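Reader: I am new to this structure. Please take me through one part of it closely.

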Amino acid sequence: MPRRRKDEGFFDELYEMLLVVPSWVGPPLAGVFYLVLRFIIPAIFRGGEKPDINSILAGVSKGAALPVAGLVLFLWLIAEFRKWQRRGLLDAQSGLESIRALSWQEFEHLVGEAYRRQGYVVQETGSASGDGGIDLSLRKSGERVLVQCKQWKTRRVGVKPVRELFGVMTSESANRSILVTCGSFTREARSFADGKPIDLVEGPELWELVKSVKAASTASAPNRPSTSVHPKPSPPTASTSPSTEAPPHCPKCQAPMVLREAKKGQNAGSRFWGCSRFPQCRGTQAPTQ
């Protein structure tokens, strides 16, 4: 289970829940609290063997109905504002350098938002001091994934954090784990992770992930009407270029694909379609000529 502070009470846990559930849940949940406290609990305490005590308890429940419902709505608004901040943080990134300029807290929030846009339920579990440990817990389709963030701008991550993450993943009975960094990993770290359910995400791969979920969000957004008074017609073209080709679906997982450019190897400079779920899915497809 995700770590919780010992002093965390019911409303703290409720707030954490509101951070991961869909936005529409808040108002109906507040309504449920109101109905239970205002009508159901007083009906339970009506009469009984101790009518005086039951009458007092029923009155307390009725009086608390509106304040508690209001508090739930307040927590919901704070949670929605926090989600909005996370979305804006990711959308503001322009490259790996802007990611490296983030604080370690913002870096964790960025990584969490990236995976949330991939359909994961994301719970932030890191400590307030940033002293290591598991920072995010992801859930999707019955799978639980532990994520540790290392915002080391120039340092290479060695094998020790990878070993520690593997130990925590085993003790927590998680399905797999992900170690994310702005920098890179040593050969020993990659060798240890090879063959194990551990994904190592380096700086360039992280930027590809951020860029792909941004593109996927833009592609899934409803079309907005043009604000141009006299739009200029596009010149006719003889064929469809890869930049205007409609994004296909990944042949491996059916997720939307994004257009990328090979950075190295014999195909350096050529363009190809890559899965938006990279690095979890590495499906590729050549663009239509």
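How many bridges join β2 to strand β3, and in which sense do they run?

Author: Some ground rules come before the answer. This is a predicted model, where local features need pLDDT of at least 70, side-chain atom pairs count only at pLDDT 80 or more, and totals for chains, interfaces and linings use all residues. Residues are numbered from 1 along each chain as its sequence is written, and side-chain values use heavy atoms, with hydrogens and water left out.

Now the strands. β2 and β3 (residues 143-150) run antiparallel, joined by five bridges. Strands (E, at least two residues) and helices (H or I, at least four) are DSSP runs, numbered from the N terminus. Two strands count as paired if DSSP finds at least two bridges between them.

β2 covers residues 136-140. Two residues lie between the strands of the β2 and β3 hairpin. There, S141 takes a positive phi near 55°. β2 also pairs with β1 (residues 121-124), again in the antiparallel sense, over four bridges.

Take R139 in β2. V121 stands opposite R139. In β3, R144 is the bridge partner of R139.

A nonpolar core is a set of buried (under 20% relative accessible area, 1.4 Å probe, protein chains only) Ala, Val, Leu, Ile, Met, Phe, Trp, Tyr and Cys residues joined through side-chain atoms within 4.5 Å. The largest one has 25 residues. L138 is among those with the most contacts inside it, as are V111 and Y115. β2, β3 and β5 (176-181) are among the elements that each supply at least two residues of this core. A second, separate core has 16 residues, including L14 and W76.

Terms used: Buried means under 20% relative accessible area, exposed over 50%, partly exposed in between (1.4 Å probe, protein chains only).
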